[in-house]
Amino acid sequence: MAATAYSVALLGGARLPATTGATRFTSSALLPRRNLQPLRLQDAPRPSLLRVKAASDDTSASGDEIIEDLKGKWEAIEDKPTFLLYSGGAVVALWLTTVVVGAINSVPLLPKLLELVGLGYTGWFVYRYLLFKESRKELATDIESLKKKIAGTE
């Protein structure tokens, strides 16, 4: 008896043996038994075309060098209490921001609305500053003037 096209496609080209009415098949008669073992990392194919070479000069710093550098920077700070106050304020502000973002994220429709606003603003920014050559030049000059204001050279 010939196998149907469905069984041939299902079994990947293997044909079923002809059957009589009294013969029953077990699953091992239909499909070959495969050795199923978990994948191991050493069995993964290794890309042989990708070669990475380390740089010849050693630019990594040891732990002692990093500690000495941090000590030098700490000694260079003139107003240590103000630095500690600003650092503590930055940590508190980061924590508070995380709390506010978590609260906003728990409101059902607000995150999607804010995402839509962000996508709209991104589209406007691309159209306004990045799409045309003249507007890119204008953006570059605005950024340079802002850098000069921050550095105090303007």
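Helices here are DSSP runs of H or I with at least four residues, strands are runs of E with at least two, and both are numbered from the N terminus. The model is a predicted one, where local features need pLDDT of at least 70, side-chain atom pairs count only at pLDDT 80 or more, and totals for chains, interfaces and linings use all residues. Residues are numbered from 1 along each chain as its sequence is written, and side-chain values use heavy atoms, leaving out hydrogens and water.

Back to the patch. H4 brings its largest share, six residues. The patch covers about 1100 Å², and among its members are Trp95, Val99, Ile104 and Leu113. To join such a patch, residues need over 30% relative accessible area and no salt bridge, with nonpolar side chains (Val, Leu, Ile, Met, Phe, Trp, Tyr) joined within 5 Å. A salt bridge puts a side-chain nitrogen of Lys or Arg within 4 Å of a carboxyl oxygen of Asp or Glu.

Take Val99, which sits in helix H4. Val99 is partly exposed, at 41% relative accessible area; that label lies between buried (under 20%) and exposed (over 50%), using a 1.4 Å probe and protein chains only.

Now zoom out. The protein chain has six helices and zero strands. The chain exposes about 14500 Å², with carbon and sulfur atoms supplying 64% of that; accessible areas come from the Shrake-Rupley method with a 1.4 Å probe.

Note on methods
Patch = residues over 30% accessible without salt bridge, like charges linked within 9 Å, V, L, I, M, F, W, Y side chains within 5 Å.
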